[in-house]
Each structure stands twice: as structure tokens, then as C-alpha cells.
Amino acid sequence: MLSMSILRSTTILNLLLTTARNMSSTQTEVISFLNAECERIQNPSRAVEMGRYFRHLHPFYGIKAGDLRQLIRKVQEEHCSEWTASSLLDTAETLLGEEYGEKKMLGVYLLGVPHNLKKIQQVPTIIDIFGGYIEEYVNDWATCDNLSSQVVRHVLTAKPEHIPKVQAWSTSSNDWKQRASCVSFLSHARHGTHNEIILDIATRVIQNRNRFPQLGVGWMLRDLTLADEDAVVEFIKEHYTEFTREGLRYAIEKMNKSLRQDLLNYGKADSSKRR
């Protein structure tokens with residue numbers, strides 16, 4: 001009986017080790033392939049331009065977004081059936097942790113593949129995981145916005161029970177989490193869904209006068225204008241002194257010229273009345 005028990009335990013252990021080796025093999029193959037391809041198709045002159053555009057936050061290979069997406073398509077063709085939620089998240093985290101801007105984007109694009117989204121959205125703590133990624137690896141608008149709009153947004157649509165956690169990012173001391181709380185709701189704003197939550201997020205984030213949270217609020221309100229312009233106008237008037245001029249210009253961009261001018265001058269008119 002003891003020998004049979006040991007045999008069963010050994011068999012189970014071997015199965016677990018085999019699975020672990022297979023997962024490790026997939027991740028290693030994918031990372032190696034992407035590393036080699038980035039080196040092969042890099043464009044040094046374009047990399048210099050990208051570095052200047054992003055104020056030298058990262059080094060770049062100079063690879064266009066379309067070419068990065070093509071690399072992810074090749075990865076999916078080869079490894080689609082092998083992915084688990086765990087291996088996808090581990091591989092994406094490895095890429096997000098790289099110094100090159102394109103590697104970070106590859107991590108986002110990998111998570112954003114519809115087949116892969118269906119796997120990772122089943123993870124109960126997925127929003128906490130994304131929040132950790134933002135705190136640890138995100139320090140530029142491109143990575144923040146793509147992760148928010150191409151990954152987090154779809155998870156919220158499929159699993160609306162996660163909405164309060166992303167809403168809570170608006171209270172974070174991390175600028176990128178605050179911006180992500182806005183960008184994750186752009187599609188909802190355009191379609192006029194979750195308006196109360198969107199305005200609650202805006203109320204919190206607008207208090208941060210740093211550039212990227214401000215522009216995140218402006219962007220979200222700009223899109224909400226398509227569904228509920230009156231609510232946006234009311235919000236702007238109520239929080240006028242908290243907007244930076246750039247944030248305000250983002251928020252009013254889709255309004256007609258006359259209304260834009262009225263809102264740009266709203267503070268001046270209010271100041272005149274106080275005198």
C-alpha cells in the first residue's frame with residue numbers, strides 16, 4: 001500500500017513538473033523570439049526620434065506599432081493553445097519590466113489579444129495585478145493608455161464587478177493609476193454608461209494638477225461630452241479652479257466654438273463679478 005501511495009505521489013509530482021517545464025518553455029521561447037525580432041527589425045534613426053518625443057524616458061528600437069502587433073500575431077499563431085492565465089501574466093510582466101519602450105508595448109499587446117483576455121479576466125485578482133503593474137512598471141503615457149484602453153477596459157466590460165477597484169485608482173497617490181482610472185472609462189464615457197462613476201473619478205483626479213492626470217480627466221470629459229454635454233459643462237463650472245488650462249482645453253475640445261469660448265472665459269467672468 002505504501003509503495004502504491006509513493007508511486008501515485010511520484011506520478012503527480014512528475015505531472016506538475018512537466019507542466020511547469022512546459023510553461024517555462026513557452027515563456028522562454030516567446031521572450032527569446034521577441035528579443036531577437038526587436039534586434040532584427042530595429043530602426044536606429046527612428047529610435048532617436050522616439051527617444052526625443054518621450055523625453056528619453058526609455059531607450060527605443062524604433063519599431064512601429066503595426067510591426068509590434070505583427071510580432072504578437074506570430075506569437076499567437078505559434079503558442080495560442082499553450083497559454084494559461086498565469087503564463088500570460090508572467091510573460092507580460094517580464095516584457096513590461098524591460099527598459100525598452102517597445103518591449104513594454106509588446107507586453108500590453110499580448111494581454112490585449114481577445115483570446116488572451118478571456119483567460120486573464122477569469123483571475124479574481126486581475127485588477128490588483130494590473131494596479132501593481134502600473135505602480136511598478138508604468139512611467140509614460142503610451143504604456144499607461146494602451147494598458148488602460150486595450151486591456152483594463154475590456155476586463156471591465158466583461159466583468160463589471162471589477163469597476164469599483166478601478167474607480168478606486170482615482171484616489172491613488174500614483175499619477176499613472178489616476179490617469180488609468182480615467183482612460184479605462186473612455187469607451188463608457190462615449191456611450192454614456194457609468195456616468196456617475198465617471199464624474200466621481202473626475203472629481204477626485206482633477207484635484208491633482210500634474211499634467212498627465214489632468215489630461216486624463218480632460219480626455220474622459222471630452223468623450224463624455226458626446227453622451228451628456230450638459231453634465232460636462234456643469235462639472236467644468238463647478239470645478240473650474242481645479243483645471244489647468246491644458247486640462248480644460250482637452251475637456252471642451254468637442255464642444256461648439258461658442259460654448260468653448262464661454263467656458264474658457266468662465267473664470268474671468270466669475271472673477272469680475274466678485275470684484
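I begin with a pair of cysteines. In C182 the sulfur lies 9.2 Å from the closest cysteine sulfur, that of C144, which is too far for a bond. Please keep in mind that the model before you is predicted.

How many disulfides does a search of the whole structure find? The number is zero. To see why, take the cut-off: a disulfide requires two cysteine sulfur atoms within 2.5 Å. Seen from C144, the closest cysteine sulfur belongs to C182 and is 9.2 Å away, so a bond is ruled out by distance.

Are these two cysteines buried or exposed? C144 is buried, and its relative accessible area is 1%. C182 is buried as well, with a value of 0%.

I turn next to a glutamine, Q150. Where does Q150 sit? Its place is in helix α8, which covers residues 141-158. The side chain of Q150 takes part in a polar contact of 3.0 Å with the side chain of R69. Another polar contact, of 2.4 Å, links the side chain of Q150 to that of N146. If we leave aside residues up to four places away in sequence, Q150 touches R69, Y109, G112, L117 and D145. Rolling a probe the size of a water molecule over the atoms shows where empty space is left.

The largest pocket holds about 290 Å³ of space. Which residues are closest to its centre? Of the 19 residues in its lining, they are M50, F54, F60, M105 and A142. The elements that each give two or more residues to this lining are α2 (44-53), α3 (65-79), α5 (101-112) and α8. By class, the lining of the largest pocket comprises 10 nonpolar, four polar and five charged residues.

The second largest pocket has about 210 Å³ of space. Which residues line the second largest pocket? They are Y53, F54, R55, L57, N139, D140, W141, W176, R211 and F212. Six of these lining residues are nonpolar, one is polar and three are charged.

Thank you for your attention.

Note on methods
Residues numbered from 1 in each chain as written. Predicted model: local features only at pLDDT ≥ 70, side-chain atom pairs only at ≥ 80, totals over all residues. Heavy atoms only, no water. Buried < 20%, exposed > 50% of the residue type's maximum accessible area, 1.4 Å probe, protein only. Helix = DSSP H or I, 4+ residues; strand = E, 2+ residues; numbered from the N terminus. Polar contact = N/O pair within 3.5 Å; in protein donor to acceptor, adjacent residues only side chain to side chain. Contact = heavy atoms within 4.5 Å. 1 Å grid on protein atoms, 1.4 Å probe; cavity = no way out; pocket = protein on both sides within 12 Å on 5 of 7 lines; lining within 4 Å. Points joined across faces, edges and corners; volume = space filled by probe spheres on them. Nonpolar A, V, L, I, M, F, W, Y, C, P; charged D, E, K, R; others polar.
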